[in-house]
Amino acid sequence: MGLGGCIILIGVGAILTFATDWDMEGVNLNLVGVILMIVGLIGVTTFSSIARRRRVVVPPTTPVVEEDPNRPGYRDGYGG
């Protein structure tokens, strides 16, 4: 479930809890709404922690170039 699905769960839960006055026999819609909001919040926190771990960037290493002492050329900086 992505971030959008979690936000939808929170929204549906809030609607069931705060914006409805339906009565169903054997089902407490306020409790169902609270459960949906809690599941949505758990999903958002899980998604954000996973996304944060993915963003960790390891800086590239710079290759070390060693000069060959037997190579002819600029040994003293002015030419061979």
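Colleague: How many helices and strands does the protein chain come to?

Modeller: 2 helices and 0 strands. Those are DSSP runs numbered from the N terminus: H or I for at least four residues makes a helix, E for at least two a strand. Mind that this is a predicted model, where local features need pLDDT of at least 70 and side-chain atom pairs 80 or more, while totals for chains, interfaces and linings use all residues. Residues are numbered from 1 along each chain as its sequence is written, and side-chain values use heavy atoms, leaving out hydrogens and water.

Colleague: How do you know that the span of helix α1 agrees with what it should be?

Modeller: The expected span is 1.5 Å times one less than the number of residues. Helix α1 (residues 3–18) has 16 residues, so it should span 22 Å, and its end C-alpha atoms are 22 Å apart, which agrees.

Colleague: Which residues of α1 are buried?

Modeller: C6, L9, G13, L16 and T17. They cover an arc of only 95 degrees around the axis, so they sit on the same side of α1; the arc is that of the directions from the helix axis to the C-beta atoms. On the other side, I7, I8 and F18 are exposed. Buried means under 20% relative accessible area, exposed over 50%, and partly exposed in between (1.4 Å probe, protein chains only).

Colleague: Why is F47 called partly exposed?

Modeller: Its relative accessibility is 34%, so F47 counts as partly exposed. F47 lies in helix α2 (residues 29–54).

Colleague: What share of the protein chain counts as buried?

Modeller: 15% of its 80 residues.
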